[in-house]
Number of protein chains: 2
Amino acid sequence: MSRPGLRERKKQKTRLALIDAALDLFAEQGYDATTVDQIAAAVDVSPRTFFRYFATKEDVALSLDADGHEILLAELAARPAEEPPFTALGRAMNSMITILEQGDTADRSRFLKARELIEATPALFAGGVRMMMQNERLLVAEIARREGMSPDDLLPHFVVSLFTSAIRVGLEACGSGEINDLSDLTRHVERVLELAERSLRPGWDRPAPGDGTASGAGPGSGSGEGTAGDGGAGRTG
Amino acid sequence: MSRPGLRERKKQKTRLALIDAALDLFAEQGYDATTVDQIAAAVDVSPRTFFRYFATKEDVALSLDADGHEILLAELAARPAEEPPFTALGRAMNSMITILEQGDTADRSRFLKARELIEATPALFAGGVRMMMQNERLLVAEIARREGMSPDDLLPHFVVSLFTSAIRVGLEACGSGEINDLSDLTRHVERVLELAERSLRPGWDRPAPGDGTASGAGPGSGSGEGTAGDGGAGRTG
DNA sequence: TAATTTATGGCAGACACTGACAACTGACAA
DNA sequence: TTGTCAGTTGTCAGTGTCTGCCATAAATTA
C-alpha cells in the first residue's frame, strides 16, 4: 500500500480545491454569473490549468456525480447473478450510497452541495441527465450480460430506463432543501424504489422462461418482496 | 380563417430554411464541425439573425421535437378524465404521431431526419433529454390535476417518469436506421408501451382508494383491476 | 547530479452568443 | 398614395468557453 506519490497527491488536492471553489462561487453568484477565470483565480491556478482538470465548466460540478455513477456500475457488476435485474440495480444503488457515507465529512457535504446545485440549476441538471444517459448504456450492457441477452433486446433497456427514472425522481428531493444528510437521500430513493416494486408484476424484469424474445408476463419468480430494503450490505470493491 | 400575412409567412419560411440547411450541414460534416456562420450563410442571413430564430445552435435541430412536446401536452389535456394516467399518456402520444403524419411530406421527412440526427449526436441527444425533462414537469402537473393530487406527490412523478422512459426507449430505434417512416416509429413506441403495460400491476397508476398520500409504506397489494390494461390500441382520429 | 517525464502558465485564436444602434420592410390608416 | 409605426434585419464590438502550441518548472528515475 504505498502512498500515491507527491505528484499524484498534489493533483488530487488541486482537483478538490477547484471543485470546492467552484461550488462556493456557484452557490454565491449563480452558475452562469461565475466565470472559469474566477474559479481558477480562487485556487491560484491559470484558467488553462482548470481545463486540464475538467473538460468543461459544468464538469466541475458534475464530477462527483460521475464518480457515483462509476461506483454504481462497479457495485452492479459485483452483485450475484441470481438476483433479478431490478433487484440487483436497487442493491447496487444502496451500496453506492453506503460507500459515499464512509467518506470524509467534507466529502459528504461536498457531494450534497453539488447535488443541490445540480438540481437547482437547469444547465447543470441537463448535464447531469446527459451523464446519466451515457451511464445507462453501460448499465444496459451489464444487465444484458448478466441475463445472457443481447444488448439490443428491449427488456434490459426498459428495465434500466425504468430504474434510472425512479432514481431521478428520488434525487429530485435534493432540489427542495429537504435533504440535509446522505441518509435522508437514501430514504427518499428507497421510497421511490419501493413504489416501483409495488407497481410492477413479479418477474417483470426477467424474460419469461422458454421465451426467446423480451416479453411475457411470466410466473412470479424472484423479485417479488422488499428487494430494495437492505440498506447496509456495505460491500467495498 | 385569414392567412397569416406576408410578414409572418416570411418568418416561417426563414425558420424552415434555417432548419433544413442546418440539418443538411449537420448530416454532411457533423454537428460540431458545422458553425452557425455556415448555416446562416447557406440561407443568406446574418449569423445574428440565426440567433433571433434559435436561442442556441442545438435548438435548430431540437425545435421540431419541441413542437412535438407541445402537441403531446395539448393532446393529454384533451383526454377524458376517466382514463387512467398512463393510458391517457399513451393515447396522447398516439394522437401526437397521428398529427405529425398529417403534415406535408417535407415536414415528415424533416422530422425523421432531425430525430435520426439527435439520436446519433451525443450533444443533441443530451439537449433532447433536457427538453423532455422540462416537459416532464408540465406533464406531471397535468396528471396531478386530472387525478386531484398535489404536483408534489410521488405517484404522478413516477407515472410520468416511467412513461417518458418508455418513450425514450421507443425513440432509440431512430438511431439505428430501422425507421424509414413515421408508422415505423409508431410501431416501435407501441411495442414498448405494451411491454410497460404487461409489466405493471393493474391500477398501479392511480392512488389506492382510501389512501390519501401516494407514498407511505402502505398496504401491500394493488387496488382494483384492469384499469390500465388495454394495450396500445387507442388511436384517435 | 543528470536525464526524463509530467504539470503548468502564457498566448493566440476559433467559435457560441449578446447588446446596441442604424437601416430596411411590411402593416395600416388618413 | 403617402406617412407613420412596429417588427425584422445587418453590422459591429465585446464577453466567455474551450483548444493548440511552446517554453518553463517541478517531480521522478537512473
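A polar contact is a pair of N or O atoms within 3.5 Å. The legends below describe close-up views of a predicted model.

**Figure 1. Backbone contacts to the phosphates of DNA strand C.** A backbone N or O atom of B:Lys57 is placed 2.6 Å from a phosphate oxygen of DNA strand C, which means that the pair falls within the 3.5 Å limit for a polar contact. For B:Leu6, a polar backbone atom is 3.0 Å from a phosphate oxygen of DNA strand C.

**Figure 2. The protein surface near DNA strand C.** DNA strand C is surrounded by 22 residues, and the closest are A:Thr49, A:Arg52, B:Lys10, B:Arg48 and B:Lys57. By class, this surface has 10 charged, six polar and six nonpolar residues. Helix H1 (6–29) and helix H3 (47–53) of chain A, as well as helix H1 (6–29) and helix H3 (47–53) of chain B, each supply at least two residues of the surface. H3(A) gives the most, with four residues.

**Figure 3. The interface between chain A and chain B.** In this interface, 32 residues of chain B are in contact with 32 residues of chain A. The two chains bury about 3000 Å² between them, with 63% of that area on carbon and sulfur atoms. Between chain B and chain A there are 13 residue pairs in polar contact, both residues being at pLDDT 80 or more. On the side of chain B that touches chain A, helix H7 (122–147), helix H8 (154–171) and helix H9 (182–199) of chain B each supply at least two residues. The largest share of that side, 10 residues, comes from H8(B). Its residues divide into 17 nonpolar, eight charged and seven polar.

**Figure 4. A salt bridge between the two chains.** Two salt bridges are counted between chain B and chain A. In one of these, the side chains of B:Glu136 and A:Arg168 meet at 2.8 Å, N to O. B:Glu136 lies in helix H7 of chain B and A:Arg168 in helix H8 (residues 154–171) of chain A, so the pair joins two chains. Both B:Glu136 and A:Arg168 are buried.

**Figure 5. A salt-bridge network in chain A.** A:Asp20, A:Asp107 and A:Arg110 are linked in a network of salt bridges. The closest N and O atoms of A:Arg110 and A:Asp107 are 2.8 Å apart in their salt bridge. These two residues are separated by about one helical turn because they are three residues apart in helix H6 (residues 105–120) of chain A. A:Arg110 has a relative accessible area of 7% and is buried, whereas A:Asp107, at 34% relative accessibility, counts as partly exposed.

**Figure 6. A salt bridge between distant parts of chain B.** B:Arg15 forms a salt bridge with B:Asp67, and their closest N and O atoms are 3.2 Å apart. The pair links distant parts of the chain, with B:Arg15 in helix H1 and B:Asp67 in helix H4 (residues 59–78) of chain B, 52 residues apart. B:Arg15 is partly exposed at 21% relative accessibility, and B:Asp67 is partly exposed with a relative accessible area of 33%. Over all chains, a search of the whole structure finds 27 salt bridges.

Terms used:
Residues are numbered from 1 along each chain as its sequence is written. Chains are lettered from A and ligands numbered from 1 in the order in which they are written. This is a predicted model: local features need pLDDT of at least 70, side-chain atom pairs count only at pLDDT 80 or more; totals for chains, interfaces and linings use all residues. Side-chain values use heavy atoms; hydrogens and water are left out. Contact means heavy atoms within 4.5 Å. Buried area is the accessible area (1.4 Å probe) that two parts lose on being put together, summed over both. A salt bridge is a side-chain nitrogen of Lys or Arg within 4 Å of a carboxyl oxygen of Asp or Glu. A polar contact is a pair of N or O atoms within 3.5 Å; within protein, one must be able to donate a hydrogen and the other to accept it, and residues adjacent in sequence count only if both atoms are side-chain atoms. Ala, Val, Leu, Ile, Met, Phe, Trp, Tyr, Cys and Pro count as nonpolar, Asp, Glu, Lys and Arg as charged, and the others, Gly among them, as polar. A residue is near a molecule or strand if one of its heavy atoms lies within 4 Å of it. Buried means under 20% relative accessible area, exposed over 50%, partly exposed in between (1.4 Å probe, protein chains only).
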